[in-house]
Amino acid sequence: MSELETLEKDLIKAIKNTNDLGALEEIRVGAIGKKGSISALMSGLGKMEPEQRKTFGQAVNKVKQAVTENLETRKAELERAALNKRLETEREDVTLPMRENPVNQGRIHPISQVWEEITEIFADLGFKMAEGPHIETDENNFTKLNIPAEHPARQEHDTFYFAEKQDGSRRVLRTHTSPVQIRTMESEKPPLRIIAPGRVFRSDSDQTHTPMFHQIEGLVIDQETHMGHLKWVLEEFCKTFFEVDEVIMRFRASHFPFTEPSAEVDIGYSKVGEEVRFGGDENWMEILGCGMVHPNVLRNVGLDPEIYQGFAFGIGIDRLATLKYGMPDLRSFFASDLRWLKHYGFNVLNVPTIQGGL
Ligand code: DAH
């Protein structure tokens, strides 16, 4: 047997005995790679006589072809075997139920939803957003709002006080969003038209009170503002919020130190079992306080009440949520009970807009 024949036989035997792709590649490089045994024979051709070159060249080429074919066949076999092995172990059971999309699992808390709904409505009416801190000065929370030191309204607010500072001043957890009125009037010039949603704090807890709750403050200051504007804005708001053409509202004369005259607005509702249903005049739920900004408040922020007037209102966000979506106990809002949130929460992608619906 010639040397060439032995080489061919050995290579083909090695190829057939190989059981993995890496080893097969090594054989390929060793035979027909740049420095491989067959390639070396080819490069020797140049030194031969023409006749010999022809016959030997043809013979080497035949060997190369046979080896290449064997390499390809074995490679395909090994690849198929590897694929079959993977298919065997990575089998998927397509009849298993699908895991729920996280977007469908998550929920928006009803308070966040109602907060968004309310701000969307007032934004549409041309109100700008304003903000203030949770920790407020006594002046902003009370004094400048025409609630002086010994005023009984301070007791009504069940205030959480911070320790008194050395200079006698003290801070409070804001008991309402009304101090944002003061902050806005002190930092911006009229005309003003703002809303300020946020958390407020009072030391109080029962079925309709929680120590932390949410309000949205509204303030309009201009030179020709009157009670009729206030009533219209609140009626528009309620109609849009409850998505009805007519709303049953009751304006009841009231008292707030920072407004004169003052009113409270009640919404009619009925109770079906434990559930609160909007509409009717069976029961009334107070949802907001409002009035014309007191001249003393305007003076306290350096505005001339002879030139400017305005109206203000404070809405309880949590109360509105119970009324619109029928949740019986305010405290369950903050119990962090996932089952409750699944039931009363909103789809993440359900962003309230006036056009798209609230
Ligand atoms: N700040 C009041 C409260 O928390 C609510 C309120 C009443 C706000 C009348 C107002 C208003 O802006 O005009 O009880």
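**View 1. T68 and K64 in helix 4.** In this predicted model, a polar atom of the T68 side chain lies 2.7 Å from the backbone oxygen of K64. This is a polar contact (a pair of N or O atoms within 3.5 Å; within protein, one must be able to donate a hydrogen and the other to accept it, and residues adjacent in sequence count only if both atoms are side-chain atoms). T68 sits in helix 4, residues 50-89. Helices (H or I, at least four residues) and strands (E, at least two) are DSSP runs, numbered from the N terminus. T68 counts as partly exposed because its relative accessibility is 22%. Buried means under 20% relative accessible area, exposed over 50%, and partly exposed in between (1.4 Å probe, protein chains only). Numbering runs from 1 along each chain as its sequence is written. Local features need pLDDT of at least 70, side-chain atom pairs count only at pLDDT 80 or more, totals for chains, interfaces and linings use all residues, and side-chain values use heavy atoms, with hydrogens and water left out.

**View 2. Two domains.** Domain 1 covers 3-89 and domain 2 covers 108-344. These bounds come from an automatic or database domain assignment. The domain centres, taken over C-alpha atoms, are 86 Å apart. The C-alpha atoms of T68 and E282 are separated by 94 Å, and these residues are 214 residues apart along the chain.

**View 3. The largest pocket.** About 830 Å³ of space lies here. A pocket is an open set of points on a 1 Å grid over the protein atoms alone, where a 1.4 Å probe fits, with protein on both sides within 12 Å along at least five of seven lines; lining residues have an atom within 4 Å of a point. The volume is the space filled by probe spheres set on the points. Of 39 lining residues, H157, R202, Q215, F256 and E286 are the closest to the centre. Strand 10 gives the largest share, 6 residues.

**View 4. S262 in strand 8.** S262 belongs to strand 8. S262 counts as buried because its relative accessibility is 7%. A polar atom of its side chain lies 3.2 Å from the backbone nitrogen of F256. Beyond its neighbours within four places in sequence, S262 is in contact (heavy atoms within 4.5 Å) with residues including R252, H255 and C290.

**View 5. Helix 12.** Helix 12 is largely enclosed by the rest of the structure, because 7 of its 9 residues are buried. Among them are I317, L320 and K324. G326 follows helix 12, with a positive phi near 65 degrees.
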